[in-house]
Amino acid sequence: MREDAMTDEDFLRHLDDYGAAPERWPPELRADADTALARSPALRAALEQARSFDRLLTAPAAPVEDARVTRLLSAVGAAARGMPQEGVVMLLLGRMQRRRVAGFCVALLALGWLAGGWLTGQFAGPAATAPRGQELALLNDEVVTLFDGESR
């Protein structure tokens, strides 16, 4: 075996980098890749697996029937209506009137705003603006996944 011949690890790395189509590989690698494929059944199997994956990626998506979408949304709506809507606020605060919870949340928000301004020194000096691209993300611990169990 030549000293500069492509190893199995090299071939697999190039397969990940360039994909299963030989025309996407750099010309200087193709001959060594063909040699590696000729000597290794494992590499041929890896190439076929990569081709199969490429075919899946390029195949058109199967159409979804409107009736199936309607059934799915109906089932999710029924499940959501049947599930108690107790989230993190309910766990932390217990059963409180909505107005009291809303007031408590507003007070916490104001306190956070004031503490954040004090900690960053915005009250002591000129107003600094946050760099563009910083957004606030509100997360919920209850995420509904839409899946009806049927394959495409």
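In which helix does D16 lie? D16 lies in helix α1, where helices are DSSP runs of H or I with at least four residues, strands are E runs of at least two, and both are numbered from the N terminus. This is a predicted model, in which local features need pLDDT of at least 70 and side-chain atom pairs count only at pLDDT 80 or more, while totals for chains, interfaces and linings use all residues. Residues are numbered from 1 along each chain as its sequence is written, and side-chain values use heavy atoms, with hydrogens and water left out.

The protein has six helices and zero strands, and along the sequence the pattern reads α-α-α-α-α-α. Among contacts, meaning heavy atoms within 4.5 Å, with a separation of 6 or more, 58% join residues 24 or more positions apart.

Helix α1 shows both ends of the accessibility scale. D16 counts as exposed because its relative accessibility is 68%. The C-alpha atom of D16 is separated by 10.0 Å from that of L47, 31 residues apart along the chain. H14 is also in helix α1, but H14 is buried, with a relative accessible area of 11%. Leaving aside residues up to four places away in sequence, H14 touches M6, G19, W25 and L29.

Next comes the packing of the helices. Two packed helices are described by the angle between their axes and the distance between the axes. Here the axes are lines fitted to C-alpha atoms, for helices over the stretch in contact, and angles run from 0 to 180 degrees between N-to-C directions. Helix α1 (residues 8–18) packs against helix α2 (residues 27–39) at an angle of about 120 degrees, with the axes 10 Å apart. That makes α1 oblique to α2, given that angles under 35 degrees count as roughly parallel, over 145 as roughly antiparallel, 65 to 115 as roughly perpendicular and the rest as oblique. From α1, D8, F11, H14 and Y18 meet L29, A33, A36, L37 and R39 of α2. The residues of this contact of α1 with α2 divide into six nonpolar, one polar and two charged; Ala, Val, Leu, Ile, Met, Phe, Trp, Tyr, Cys and Pro count as nonpolar, Asp, Glu, Lys and Arg as charged, and the others, Gly among them, as polar.

Against α3, the angle of α1 is about 5 degrees and the axes are 11 Å apart. That makes α1 roughly parallel to α3. D8, F11, L12 and L15 of α1 make the contact with L43, A46, L47 and A50 of α3. By class, the contact of α1 with α3 has seven nonpolar, no polar and one charged residues.

The remaining pair is α2 with α3, whose axes are 5 Å apart at an angle of about 115 degrees. These two helices are therefore roughly perpendicular to each other. In α2, A36, L37, A38 and R39 meet P41, L43, R44 and L47 in α3.

A nonpolar core is a set of buried Ala, Val, Leu, Ile, Met, Phe, Trp, Tyr and Cys residues joined through side-chain atoms within 4.5 Å. Of its 13 residues, M6, F11, L15 and W25 touch the most other members. Not counting residues up to four places away in sequence, W25 touches M6, F11, H14, L15, Y18, G19, R30 and A33.

Definitions and conventions: Buried < 20%, exposed > 50% of the residue type's maximum accessible area, 1.4 Å probe, protein only.
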